[in-house]
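Student: I am new to this structure. Please show it to me, and then let us go through it in questions and answers.

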Amino acid sequence: MRDAPRRVAVTSPRTAAARRPRFPATREIDEQTRLGEVYMRSLLRTQFRLALFVCTVLGCVVGGLPLLFLLIPELREVHLLGLPLPWAVLAGLIYPAFVIGAWWYVRQAERNERHFAELVERR
């Protein structure tokens, strides 16, 4: 039976070598370094996509109403509170859709900012 070679621990002679200081991501953003620009660009891109989505949905709802009334002419004859349905919808019932869209947008934008803050603090 042969003796197994003895294991030797190899260490660096430079155990006290100077390490590159690690800056917090908030400092990168404040000093507008390339990394800080990448962080900010990602946040802005996320917020822009969210705004574009909400505007598209609301635009489709508002733009789709005239198309709906054009395709289903019977709806033009319906009256709601003494007003023709198209007028009632466009004059009053469309605003709750805008309020709900704005409320949802703010919730999602704040969520995106929380995720961004967690990402920056984790770094």
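Tutor: Buried means under 20% relative accessible area, exposed over 50%, and partly exposed in between, with a 1.4 Å probe and protein chains only. This is a predicted model, in which local features need pLDDT of at least 70 and side-chain atom pairs count only at pLDDT 80 or more, while totals for chains, interfaces and linings use all residues. Residues are numbered from 1 along each chain as its sequence is written, and side-chain values use heavy atoms, with hydrogens and water left out.

Student: In what order do the elements of the chain run from the N terminus on?
Tutor: Helices (H or I, at least four residues) and strands (E, at least two) are DSSP runs, numbered from the N terminus. The chain has four helices and two strands. Their order from the N terminus on is α-α-α-β-β-α.

Student: What share of the residues of the chain count as buried?
Tutor: The chain has 123 residues. The part that counts as buried is 19%.

Student: At which residues does UniProt place the feature "transmembrane region"?
Tutor: The entry is unreviewed. UniProt positions are in the numbering used here, feature names are shortened, and annotations may be inferred rather than shown by experiment. The record places the feature at residues 50-72 and 84-106.

Student: How far apart are the end C-alpha atoms over residues 84-106?
Tutor: Over residues 50-72 the chain is 96% helix and 0% strand, with end C-alpha atoms 32 Å apart. Residues 84-106 are 96% helix and 4% strand. For residues 84-106 the end C-alpha atoms are 33 Å apart.

Student: Why does the span of helix 2 agree with what its 38 residues should give?
Tutor: The expected span of a helix is 1.5 Å times one less than its number of residues. At 1.5 Å a residue, helix 2 should therefore span 56 Å. This agrees with the distance between its end C-alpha atoms, 53 Å.

Student: Where in helix 2 does the kink lie?
Tutor: The bend at a residue is the angle between axes fitted to the seven residues ending there and the seven starting there. In helix 2 the kink is about 30° and comes shortly before the proline P66. The kink lies at G64.

Student: How many aromatic pairs does the structure hold?
Tutor: Rings of Phe, Tyr and Trp (its six-membered ring) pair if their centres lie within 6.5 Å; planes under 30 degrees apart count as stacked, over 60 as edge-to-face and the rest as tilted. By that rule, the number of aromatic pairs is two.

Student: What kind of pair do Y39 and F116 form?
Tutor: The ring centres of Y39 and F116 are 6.4 Å apart, with 80° between the planes. The pair links Y39 in helix 2 (residues 34-71) to F116 in helix 4, 77 residues apart. Y39 is buried at 11% relative accessible area, and F116 is buried at 14%. The pair is edge-to-face.

Student: Why does the pair of F53 and W104 count as tilted?
Tutor: F53 lies in helix 2 and W104 in helix 4, so the pair ties together parts 51 residues apart in sequence. F53 is partly exposed at 48% relative accessibility, and W104 is partly exposed at 30%. The ring centres are 5.8 Å apart, and the pair is tilted because the planes are at 55°.

Student: Is N112 buried or exposed?
Tutor: N112 has its place in helix 4. Its relative accessibility is 12%, so N112 counts as buried.

Student: Which side chain makes a polar contact with the side chain of N112?
Tutor: A polar contact is a pair of N or O atoms within 3.5 Å; within protein, one must be able to donate a hydrogen and the other to accept it, and residues adjacent in sequence count only if both atoms are side-chain atoms. Contact in general means heavy atoms within 4.5 Å, and N112 touches L43, T46, Q47 and L50, not counting residues up to four places away in sequence. The polar contact of N112, at 3.0 Å, is with the side chain of Q47.
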